[in-house]
Amino acid sequence: MIMNIHGKELDTGTSRAALLMGALGVVYGDIGTSPLYTIKVALSSAGQPDAEHVLGMLSLLFWMLLLVVSVKYVICVLRADNRGEGGTLALMELAMRGRPSRTRWRLAILGLIGAALFYGDSMITPAISVLSAVEGIGVVSHRLDAWVVPIAVVVLVALFMVQSRGTGTVGKLFGPVMFLWFLTLGVLGGWRVLQQPHVLQAINPLWAIRFIADAPWETFLALGALVLALTGAEALYADMGHFGRTIIRRAWFALVLPALLLSYFGQGALLLTDPSAISNPFFLLAPEWAVIPLVGLATMATVIASQSVISGAFSMTRQAVQLGYWPRMVIQHTSAREEGQIYLPRVNWLLLAAVLVLIVAFGSSDRLAHAYGFAVTGTMLMTSLLAFAVLPRAARGVRRVAWLVLITVFLIIDILLFTSNTLKIHEGGWLPLLVGIVLLTLMMTWKQGRQRIHDTLLGDHQPLVNFMESLEAYPPTRVPGTAVFMSMIVGTVPPALLHNLKHNKILHEQALFLTIEVADVPYVPFNERVKVERVSRSSWQAVARWGFKQEPNVPQVVEQIGQEVPELNLEPMQTSYFLSRQTVIVIRRLPWYQSWRRHLFALMARNASRTTRFYKIPPNRVVEMGMQMEL
């Protein structure tokens, strides 16, 4: 038997095969569609490339795939799991654990930069992938070129329209389709390699070294295009929680890496025979009769790659909300069985709008490639910096030195790739840069604004125990039932209780003070979720903790508390929830350069999802007490 990441036993044969097939559809869609455009973009600047140019580029590409994807991500970074989960924010939380506050904030900024650039990647991936697939119809006839953009728009609009219905049924086809896609890559590439076997000389690193020595500046510029072969490497780490590192490694080394290398070397072999094939080397790999079926298969593969990054954007947003870097948002579940299948309407429609603007504005995959590399290399660089803070910590002696040397090598490679792409900011790289700056500003504004409110409430706090004991001694009018007061700070009197006593002058027979906390781990087990302490004769304090990949459910945890504390009456019809509804007011006397972020925070707060909906509290059992907070 084998175990999945949640500790459930799985049948060895069928379950491993199912996980491998699932990993092909979810994890490898993005990097698996890179052969559509990488060679074309990397070599087209040289006109019709000669043999040395082709072999030098292929050698660089081969070793980049081995060093960056195979060694860095598949072998090393997958070790830096946060209780089985990966991804930028999970790695950020792992790096921040046990650090002093100043270091924690610096690491948080690195993680947020990576997350912000990931959204730029999520915008560009659907556009460039689908465009590059549909552009294959131009190989059949150039009269069809004018239909590339309209067809791509239709495909992507349809993809985003079905997000609200979930991908459970269609998702079962993702793995088999991608399996067929990788087989096709291998067969077409292998066929061309057999015709020109001397293309395998490029495996020798001397070709890459000679290429660098002969044209160092040209090689540096070429890195900005070759990095397109690495797009999707982050998905290997981000999706580790779904499949586990073993499955991801097996799928990579057994099928994905060989298929990608055969495809790239096959395109190189084709160019050695016919340099004019640089116009579209991927689709020209196929015989003429197979081009149309290949366009159809490529379109399906790019839709799957797009679906992966859209789902990744949903998951990233949910994590940001849970960790307090983004306002509460409406999160809809599209599957009764799978907790990870979620839909965020605002994120979906904003992504669709951004993707359509990109397709219309850039018009081709070649132009979009300049924008793509900046987002990808920026995210990769942030991952390396965070891994530098995580991986060597547990090692000692020689192993620690080895980790530091290895990660330093990765950092040097990532810095070279990133700086190469900064030269393309004026050609499209400005777009993910702008998106990243805007999103980073929004996330930092929300986090710091919430911290300011927290500090204000903490400064005005009253100790809960003393306050409740005084109420027991001199009780107000008591009414039947139980009041659940949502409290931001453990052990302090929540504003909702003070307002209730001030205006209604009553108190329920029993009171529960509930504080919701988000742990720095992805999942908190059910039996470790809640801690309850008695405050006074008729009141209790509870702290409920969820992981950053879980969604708080207050009625569920209240029911759990009722089972642990039988004397506390938490029957649904006898329980009322009291919340403080905070309205942020910006001090008018401040100049604009000091107040603009305060206004921005107030705007974000007004547009956040209601607390009752986010915590799944029945609206007919809620009493909201309004209060104003000055910033």
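Predicted model: local features only at pLDDT ≥ 70, side-chain atom pairs only at ≥ 80, totals over all residues.

Trainee: What makes a space a cavity?

Mentor: On a 1 Å grid over the protein atoms alone, a cavity is a set of points where a 1.4 Å probe fits but cannot get out, and its lining residues have an atom within 4 Å of a point. The largest cavity has a volume of about 50 Å³, where grid points are joined across faces, edges and corners and the volume is the space filled by probe spheres set on the points. Its lining consists of F118, D121, L230, G232, A233, E234, V376 and T379.

Trainee: Which helices each supply at least two residues of that lining, and how is the lining divided by class?

Mentor: Helix 6 (101–134), helix 12 (233–238) and helix 17 (365–390) each do so, a helix being a DSSP run of H or I with at least four residues, and a strand a run of E with at least two, numbered from the N terminus. The lining has four nonpolar, two polar and two charged residues, with Ala, Val, Leu, Ile, Met, Phe, Trp, Tyr, Cys and Pro counted as nonpolar, Asp, Glu, Lys and Arg as charged, and the others, Gly among them, as polar.

Trainee: Why is A202 called buried?

Mentor: Buried means under 20% relative accessible area, exposed over 50%, and partly exposed in between, with a 1.4 Å probe and protein chains only. A202 has a relative accessible area of 0%, so A202 is buried. This residue sits in the loop between helix 9 (168–195) and helix 10 (205–214), and, leaving aside neighbours within four places in sequence, A202 is in contact (heavy atoms within 4.5 Å) with L55, L58, S59, W207 and F265.

Trainee: Is T299 buried or exposed?

Mentor: T299 counts as buried because its relative accessibility is 16%.

Trainee: What makes L194 exposed?

Mentor: L194, which is found in helix 9, has a relative accessible area of 72%, and therefore L194 is exposed.

Trainee: How do you know that strand 7 and strand 8 pair, and in which sense?

Mentor: Two strands pair if DSSP finds at least two bridges between them; strand 7 and strand 8 have six, in the antiparallel sense. One of the bridges joins E533 to its partner Q541 in strand 8, and the two strands form a hairpin with two residues between them.

Trainee: Why are strand 7 and strand 10 called edge strands?

Mentor: Six strands form an open sheet of mixed pairing in the order 7-8-6-5-9-10, and strand 7 (530–536) and strand 10 (622–630) are its edges, since each pairs on one side only. Within that sheet, strand 5 (residues 477–486) and strand 9 (residues 575–585) pair in the parallel sense over four bridges, and F485 has F578 as its bridge partner in strand 9.

Technical notes. Residues numbered from 1 in each chain as written. Heavy atoms only, no water. 1 Å grid on protein atoms, 1.4 Å probe; cavity = no way out; pocket = protein on both sides within 12 Å on 5 of 7 lines; lining within 4 Å.
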